[in-house]
Amino acid sequence: MNPLTGKRIVLGITGGVAAYKAAELTRLLVKAGAMVDVVMTEAGTRFVGPATFQALSGRPVWARIWDDRMSSGMAHIDLTRGADALLVAPATADFIARLAHGFADDLLSTLALARDCPLLVAPAMNRQMWENPATVRNIARLRADGVAILGPAAGEQACGEVGEGRMLEAAEIADDLAIHLAPKILAGKRVLMTAGPTFEPLDPVRGITNTSSGKMGFALARAFAEAGARVTLVAGPVSLSTPRGVVRHDVQAALDMRQAVMEHLPGQDIFVGVAAVADYRPAQSVAHKIKKSAAALTLELAPNPDILAEVAARPDAPLCVGFAAESRNLAEYAEAKRVAKNLALVVGNLVQDGLGGDTNAVTLFDATGAHPLPPADKAEVARAIVAYLAGLLA
Ligand code: C5P
């Protein structure tokens with residue numbers, strides 16, 4: 001389940017131009033199944049109106065301490081009572097300063113004091129304000145108080161300057177919050193993974209590849225990170241953004257993938273081969289473009305090393321997991337692969353429509369037999385695989 005599903009989030013919006021991103025953030029949190037109570041500072045309401053957040057959250061928006069709509073007359077306590085997190089995005093330099101000093105002079109700052117849920121803050125400000133020693137001091141104080149600081153990112157700013165201080169994108173903040181709230185069932189574990197296709201060059205502009213999208217591998221990397229693992233992802237050529245908290249190394253050919261895996265293998269607890277590694281590569285590497293001619297062209301292919309089998313065969317092998325995408329006889333082929341490669345677990349799926357979809361129906365094969373998982377989107381399937389692996393490790 002998405003860690004945000006069923007969670008009650010109080011979203012604080014202070015007076016920065018990045019408030020427009022908070023509208024998208026509200027939508028994403030609601031879409032993930034969270035109940036969102038928006039609390040705005042007076043300055044926050046100057047940038048995007050409360051009506052926008054009311055429509056997106058489907059709930060009343062709060063801005064004043066003395067608000068008759070709260071039956072107890074205690075909006076400053078009621079809103080964070082039972083909440084799973086207070087997330088302030090955007091958080092201005094001024095609001096961060098007030099938080100750091102424990103001010104309680106409006107509804108949002110009062111809620112930040114009167115809470116027993118985690119506080120997460122996404123700073124949004126001009127780069128000079130972010131670099132100012134006062135802000136640096138305030139941020140350090142908040143961190144020491146256990147407040148999670150999300151970002152900020154570097155880049156072009158609304159004021160025209162370029163530098164650090166701009167608020168993270170809405171999707172990044174939603175991801176960080178999900179990671180923060182997810183149960184840490186793999187805390188402290190180290191996971192190495194491969195994902196995506198490989199690209200085996202024929203000449204400088206051509207090569208052999210396959211249609212692996214990398215989506216399942218990237219969803220799994222994200223689910224591992226959510227579960228508290230330290231994730232290293234060796235990725236073939238894909239157009240996917242790196243999940244939050246994941247360290248990524250891009251490679252092209254199977255031989256590069258193998259080298260990157262071997263380099264990062266020491267100290268890993270789990271290795272998962274999700275990549276659709278090309279079984280063969282062109283036997284010769286050609287430095288210049290192959291010229292067209294009327295004659296037939298025969299390519300000689302050499303077998304690639306099996307990265308997963310090689311890792312699993314090592315005496316110091318981590319817990320090894322493979323994937324098996326088959327067009328028929330799934331159980332038979334997946335189980336044969338598990339035994340032949342000496343794997344703790346094989347994730348098998350039938351591919352009728354090719355690779356690259358957003359949903360997946362998989363069966364887990366381990367020493368105890370076959371365990372089908374309910375069909376779901378790849379994020380959910382990934383979480384279920386991670387939960388199963390945590391059980392295997394324990
Ligand atoms: O044998 P097959 O290619 O079907 O096995 C698939 C599994 O083995 C996947 O987990 C894949 O990542 C891994 N594999 C590998 N290196 C190869 C071929 C497959 O790591 N050369």
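Arginine 166 is partly exposed, its relative accessible area being 26%. This residue belongs to a predicted model, in which the protein chain is divided into domain 1 (8-181) and domain 2 (190-282 + 300-393). The structure holds 24 salt bridges, and three salt bridges are counted between domain 1 and domain 2.

**Contact between the domains**

- Taken over C-alpha atoms, the centres of domain 1 and domain 2 are separated by 38 Å, and the contact is made by six residues from domain 1 and four residues from domain 2.
- The area buried between domain 1 and domain 2 is about 520 Å², with 49% of it on carbon and sulfur atoms.
- Two residue pairs in polar contact are found across the interface of domain 1 and domain 2, both at pLDDT 80 or more; on the side of domain 1 that touches domain 2, three residues are nonpolar and three are charged, while no polar residue is found there.
- Aspartate 175 forms a salt bridge with arginine 222, in which the closest N and O atoms lie 2.5 Å apart.

**Salt bridges and their exposure**

- Arginine 98 is paired with aspartate 105 in a salt bridge whose closest N and O atoms are 2.9 Å apart; arginine 98 counts as buried because its relative accessibility is 14%, whereas aspartate 105, at 53%, counts as exposed.
- Arginine 166 is the salt-bridge partner of glutamate 169, with 2.9 Å between the closest N and O atoms, and glutamate 169 is partly exposed at a relative accessible area of 35%.
- Glutamate 326 forms a salt bridge with lysine 337, the closest N and O atoms being separated by 2.7 Å, and this pair links distant parts of the chain, with glutamate 326 in strand β16 (residues 319-326) and lysine 337 eleven residues apart from it in helix α12 (residues 330-341).
- Within that pair, glutamate 326 is buried, having a relative accessible area of 12%, while lysine 337 is partly exposed with 27%.
- Salt bridges that share partners also join Asp175, Arg222, Glu226, Glu380 and Arg383 into one network.

- Glutamate 226 is found in helix α9 (residues 215-226), and it is buried because its relative accessible area is 4%.
- Although 50 residues separate glutamate 226 from aspartate 176 in sequence, their C-alpha atoms are 8.8 Å apart in space.
- Not counting residues up to four places away in sequence, glutamate 226 touches Pro3, Ala178, Ile179, Ala182, Pro183, Lys184 and Arg383.

- Threonine 26 sits in helix α1 (residues 19-31), where its side chain reaches the backbone oxygen of alanine 22 at 2.7 Å.
- With a relative accessibility of 0%, threonine 26 counts as buried, and its contacts, neighbours within four places in sequence left aside, are Leu11, Val36, Val38, Phe53, Leu56 and Ser57.
- Phenylalanine 47 is placed in the loop between β2 (35-40) and α2 (50-57), and it is partly exposed, with a relative accessible area of 44%.
- The C-alpha atoms of phenylalanine 47 and alanine 19 are separated by 6.4 Å, the two residues being 28 residues apart along the chain; once neighbours within four places in sequence are left aside, phenylalanine 47 is in contact with Gly15, Gly16, Val17 and Ala19.

Notes: Residues numbered from 1 in each chain as written. Predicted model: local features only at pLDDT ≥ 70, side-chain atom pairs only at ≥ 80, totals over all residues. Heavy atoms only, no water. Domains from an automatic or database assignment. Contact = heavy atoms within 4.5 Å. Buried area = accessible area lost by both parts, 1.4 Å probe. Salt bridge = Lys/Arg side-chain N within 4 Å of Asp/Glu carboxyl O. Polar contact = N/O pair within 3.5 Å; in protein donor to acceptor, adjacent residues only side chain to side chain. Nonpolar A, V, L, I, M, F, W, Y, C, P; charged D, E, K, R; others polar. Helix = DSSP H or I, 4+ residues; strand = E, 2+ residues; numbered from the N terminus. Buried < 20%, exposed > 50% of the residue type's maximum accessible area, 1.4 Å probe, protein only.
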